Amino acid sequence: MKFILSVILVISFSGAGAQELYVFTEPASNMAAKSIGVRLVSRVFKMEHDNKFSSYRLEPEFMIGVNRNLMVHVNVYASDMFQTNLKFEGTALYAKYRFLSRDDIHSHFRMAVYGKIAVIDNPTVLTTTEKHEEPDGSGGVIIHDLLHTTVNNEIDLDGSNSGLSTGVIATKLVNKLAVSASAGYSYRLDNLRNKREVIVPWHAANYSLSAGYLLFPKEYTSYKQTNINLYAEFLGTNALDKKNYFLDIAPAIQFIINSIARIDIGYRTQLYGNTARMANSAFLVRVEYNFLNVFSKK
Amino acid sequence: MKNLILIMLVLFSFTSVAQVKTVSIQASGLTCSMCSNAINKAIKSLDFVDKVDANIKNSSFDVSFKPGSNIDFDKLKKKVEDAGFFVARFTASVNFDKVAIVNDDHVVIGNTVFHFLNVKDQTLNGDKTIRLLDKGFVTAKEYKKNIIYTKMECYKTGVAGACCAKDNLPAGKRIFHVTI
């Protein structure tokens with residue numbers, strides 16, 4: 001099991017409340033205006049072809065709070081899947097616009113729309129060769145080449161596929177609990193040097209349901225207290241042109257230290273589904289750094 | 001010339017000095033310390049702000065100012081909103097020097113126009129706490145309820161309009177609607 005842990009201690013002053021800083025999805029809330037954020041995510045995948053946590057992906061992410069309602073992210077992806085070294089896979093651009101905010105003391109209801117475009121250079125169908133030995137009946141062996149074909153029927157815009165997605169997010173915060181739901185649509189595009197295979201789904205409906213809870217501190221007395229948030233998320237997909245679906249569960253724990261450092265540790269795994277996927281389970285580790293009041297006037 | 005001096009005397013006799021000592025802001029839409037810190041840092045970035053004392057539990061911030069600086073209530077509100085939240089309650093501790101106020105009427109104090117709502121006619125002297133009632137300085141729920149306190153359009157717009165012509169206020173002049 002390979003873990004890449006970044007030991008950059010980070011300042012995170014996101015405009016969102018901490019228990020709605022979901023680990024596998026985005027809340028309807030936004031970053032503070034005129035702020036910049038940098039993230040490093042590392043995912044370690046339990047690959048279906050060898051049933052081991054043998055591959056990882058690094059996802060540096062650069063975020064800009066354009067104004068109080070609009071934020072833009074740029075993602076870069078690199079992984080070592082099916083190869084010996086880390087290789088650059090592609091980039092994505094994400095934008096989120098908060099269009100509704102009903103706030104009250106210790107609570108809010110917010111809604112946002114998002115859009116994402118990913119440009120990725122991975123194969124859509126991967127064929128690997130394995131040497132297979134078979135007795136030839138007279139004491140010797142015949143060596144065959146066995147072809148393994150790995151198909152990824154999951155439209156994964158976080159490094160595996162080029163594509164577009166859009167959707168709507170609604171988040172409700174009441175005291176220590178934040179619940180969020182999203183509904184969206186993804187459309188697969190040709191990967192840079194690899195065309196979409198006919199057999200894979202080309203578009204899908206996505207949905208998620210997330211809950212976050214502020215476990216510690218029980219009472220706030222200082223910015224120096226460590227916050228611990230617990231998350232449970234459900235992420236599902238239904239392909240619209242093929243009979244592919246799956247539902248994942250993703251529990252996570254989040255530490256916020258000194259009201260300045262954010263560290264996420266999560267695990268996402270399939271609950272049920274019929275979709276051929278590169279990996280059904282993965283660990284995630286994230287660290288985040290934000291610079292506040294970067295472009296603001298006084 | 002004599003008329004001009006008379007007019008200026010009349011104007012000065014209706015304006016008195018009032019000093020804003022501190023402001024207390026309660027923000028809405030947040031629970032956690034990280035969001036509170038975002039607002040804390042945002043308010044501190046204003047050049048007229050000296051210190052911010054944050055109460056994370058109440059989502060409130062007590063702000064003190066640099067002496068002699070130009071304190072801008074609208075800029076404070078904008079900082080909270082740019083951080084991603086809203087103002088639920090905004091009070092100012094002000095030292096008044098014998099300022100006569102009338103309910104549902106305008107009072108010019110220095111360069112600032114106030115419109116007192118839901119108050120008894122009185123003379124303010126010494127330290128008093130005023131609470132802003134303008135849109136964006138109270139919750140949306142409370143703003144809707146406060147409409148009953150005046151028929152003047154300036155409460156909805158926050159600036160002088162036809163309703164304020166009788167007080168010789170230039171159109172578009174910012175009016176702060178307050179109560180005690």
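**Entry 1: strands E2 and E3 of chain A**

I began with strand E2 (residues 52-67) of chain A and strand E3 (residues 70-79) of chain A, which pair in the antiparallel sense over 8 bridges in what is a predicted model. For my own use I note that strands (E, at least two residues) and helices (H or I, at least four residues) are DSSP runs, numbered from the N terminus, and that two strands pair if DSSP finds at least two bridges between them. The link from E2(A) to E3(A) is a hairpin of 2 residues, and across this pair I found Arg57(A) opposite Ser79(A) in E3(A).

Before going on I wrote down the conventions: residues are numbered from 1 along each chain as its sequence is written, while chains are lettered from A and ligands numbered from 1 in the order in which they are written. Because the model is predicted, local features need pLDDT of at least 70 and side-chain atom pairs count only at pLDDT 80 or more, whereas totals for chains, interfaces and linings use all residues.

**Entry 2: from the pair to the barrel**

I then looked up strand E5 (residues 107-120) of chain A, which runs antiparallel to strand E8 (residues 163-174) of chain A and is joined to it by 12 bridges; here His108(A) has Leu173(A) in E8(A) as its bridge partner.

Which strands make up the closed barrel of chain A? The barrel has 12 strands with antiparallel pairing, in the order E1-E2-E3-E4-E5-E8-E9-E10-E11-E12-E13-E14, and the twist from one strand to the next averages 20°, where angles run from 0 to 180 degrees between N-to-C directions and axes are lines fitted to C-alpha atoms, for helices over the stretch in contact.

**Entry 3: chain A as a whole**

I counted 0 helices and 14 strands in the secondary structure of chain A. The radius of gyration of chain A is 21 Å, close to the 19 Å that the globule rule gives for 298 residues, so chain A is as compact as a globular protein of that length; the radius is taken over C-alpha atoms, and the rule is 2.2 Å times the number of residues to the power 0.38. Along its principal axes the C-alpha trace of chain A spans about 85 × 35 × 35 Å.

Buried residues make up 40% of the 298 residues in chain A, a residue being buried if 20 or more other C-beta atoms lie within 10 Å of its own, exposed if 12 or fewer, and partly exposed in between, with C-beta atoms placed from the backbone. Of the contacts in chain A with a separation of 6 or more, 61% are between residues 24 or more positions apart, a contact meaning that the C-beta atoms of two residues, placed from the backbone, lie within 7 Å.

Is Lys96(A) buried or exposed? Lys96(A), which lies in strand E4 of chain A, is buried, because 22 other C-beta atoms are within 10 Å. Leaving out residues up to four places away in sequence, Lys96(A) touches Glu26(A), Asn30(A), Met71(A), Ala112(A) and Tyr114(A).

I then turned to Lys242(A), which lies in the loop between strand E11 (227-239) and strand E12 (245-257) of chain A. Lys242(A) is partly exposed, with 16 other C-beta atoms within 10 Å. Lys242(A) and Arg262(A) are 20 residues apart in sequence, and their C-alpha atoms are 39 Å apart in space.

The contact takes 34 residues from chain A and 26 residues from chain B. On the side of chain A that touches chain B, the largest share, 3 residues, comes from strand E4 (residues 87-104) of chain A.

Ile39(B), Ala42(B) and Ile43(B) in H2(B) meet Leu76(B), Lys79(B), Val80(B) and Asp82(B) in H3(B). The buried residues of H3(B) are Phe73(B), Leu76(B), Lys79(B), Val80(B) and Asp82(B), and just after H3(B), Gly84(B) takes a positive phi of about 110°.
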